[in-house]
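Biologist: Could you take me through how the labels in this model are assigned, setting each value against its cut-off?

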Amino acid sequence: MTYHLQDNLFDEDVAQEPIRSGFGRGLKAAGGDNESIVALCADLTDSTKMGDFAEAYPERFIEIGVAEQNLVTVASGLARAGKIPFTSSYAAFSPGRNWEQIRTTIALNNQPVKVIGSHAGVSVGPDGATHQMLEDIALMRVLPNMVVIAPGDSVEAEKATRAIATNDKPSYMRLAREKTPIFSTDESPFEIGQAYVLKEGSDISLLGTGTMSYQLLVAARLLVERGISAEVIHVPTIKPIDETTIMTSVQKTGRVLTAEEAQAAGGFGSAVAEVLSEKMPVPILRVGMQDRFGESGEPDQLLKEFGLTGEAIAEKAYDFVKKVPRYKKGY
Amino acid sequence: MSGQLTVSQLNEKANKIRQDIIRMLENAGSGHSAGPLGLADVLTALYFNIMNFRASQPEWPERDVFFLSNGHTVPVQYAAMAEAGFFEVDELMTLRKFGSRLQGHPERELLPGLENTSGPLGSGLSQAAGYAYSLQYLDDQKHRFVYCVTGDGELNEGNIWEAAMFAGKYKLSQLVVFVDRNNIQIDGTTEDIMPLEDLRGKWESFGWHVQEIDGHNIESIIDAASMARAITNKPSVVITHTIPGKGVDFMEYDYKWHGAPPNTEQAREALKKLRTLNGKITSGDEA
Ligand SMILES: [Mg+2]
């Protein structure tokens, strides 16, 4: 199955939209499909894009105020009453502040509450380190029963929202604030638990999640010019992770680079490393935040500073391929 | 609900539940004694008079629901549920054992009849409020009620006051909360550790209807629930004054029994105290 990509991916005028906007559309659509869906927000309705749902279904929108512990625990109670609650705040606060409540009353209690963490990553920009959530992937993927998704663009976010609306499981979805390029189309597939090969290659597997998948497409294009054939795999579902697609690619390439706009420790790259270290211990390079917090600045400036651009990743991948021999069976 | 029991039958039931608690905890070898014993009358009133439910059909859609917020007191809920017919009384002896449905703190998925998973303090009230919101605003089911028990030490948690604000704002009138006001928590008395008074004033200022009752007078508990159901424009809290360890004189009022179970000798003595109402009557059954 070939993944359907936008045609003008690398043009100056590639369509861009914040990933969170796709969530807003998906939530409204899901709300139209299913009257059990309710939405709860902690005083960030517009910026987390719950406004359209709130306007369309005011009787199913619940304003919680700035109280993230109450946000998710009230949602747990609503789920017990047969509802499918979507909760939204900034990821730094939910799941940042209320992780124990999520652990006990949603994950262990196994209720289909949807925790939506917007404004994740350094691309939040000027607000600075307090609001640039980088640890959410690590926090959420260690919870039993929890599904963890970081959509790659706004079009996919809409599909992912509709998918978690019907998966009957505790789910976390990570969103970004800034506009990012749209690489998928209405025809591109999205299934929970599925990773997608965006571009085939043979020298290295570039695995990305969230905003970084587009940057990997940019990196792969730059690598071609330098004689390196990179395979790009978009992994929107971090948990459960698609071992089959990852293993199939790695068997061919023998090297892996992972990229995420999050702490490299404990996050998506670690999830990939956990799979590969047990099944096929290939050399792996994890691109992400290296044990530090972000800081204020323009989003582009910060992504550049922390090496989270296609150009910077291409550089790292190039050196990695040149210096590190590919994995061969029997190492 | 299991028919109409008289007040004296309800008191006997509470005494039986206290004996169950002592046996469970002694057999488990760990767990909390004071809170469950203190709450026996409240849980008896709830499970044998106040709440509508079908033990044989735990998911009965017309039921009232019960959320335990201070999950460490769950032995009293297990005992009340067993006595009410949710499962065999014998199963109480599996409390805290490997493979048991009766986990040290309640886990909803394991035991039909539980509405929530709790233990870490401060979250059960929000869960109850979420359910009550659904009944009042989403389901239009005005005849069902949500009952919740919280501890008093638990009121140190910020999450509780977030829930209190929420329930006050939305006037969740189908929410009835019993605060187990036993004045103790793990490290000492509540007023030494983190003072709660003016407790009535706190709840009132959050928009709640407040009652204060003797938590060992089953008629008062039933009356308070009835009053709470009649208040249709506010959530209700019943500050339920209880004696920690109630019914076993050597455990009463002593915070050291908050987190400790009786050993074999203490359990035998405690059961004797319960059967004889602390020596006031002669027990016909010393077994
Ligand atoms: Mg107490």
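Modeller: In this predicted model, the donors of the magnesium ion follow the spacing D-x29-N-x1-I along the chain.

Biologist: What makes Asp152(B), Asn182(B) and Ile184(B) donors of the magnesium ion?

Modeller: The ion is coordinated by Asp152(B) through OD, Asn182(B) through OD1 and Ile184(B) through O, at 2.1 to 2.3 Å, and because a donor has to be an N, O or S atom within 2.8 Å of the metal, these atoms qualify.

Biologist: Why is Asn182(B) called buried?

Modeller: Buried means under 20% relative accessible area, and Asn182(B) has 8%, so the label applies; Ile184(B), with 7%, is buried by that rule too.

Biologist: How do you know that Arg181(B) and Asp152(B) form a salt bridge?

Modeller: Their side chains meet at 3.0 Å, N to O, and the criterion asks for a Lys or Arg nitrogen within 4 Å of a carboxyl oxygen of Asp or Glu, so the pair is counted. Arg181(B) lies in strand E3 and Asp152(B) in the loop between E2 and helix H5 of chain B, 29 residues apart.

Conventions: Residues numbered from 1 in each chain as written. Chains lettered and ligands numbered in written order. Predicted model: local features only at pLDDT ≥ 70, side-chain atom pairs only at ≥ 80, totals over all residues. Heavy atoms only, no water. Donors = N, O, S within 2.8 Å, 3.2 Å for Na, K, Ca; no water. Buried < 20%, exposed > 50% of the residue type's maximum accessible area, 1.4 Å probe, protein only. Helix = DSSP H or I, 4+ residues; strand = E, 2+ residues; numbered from the N terminus.
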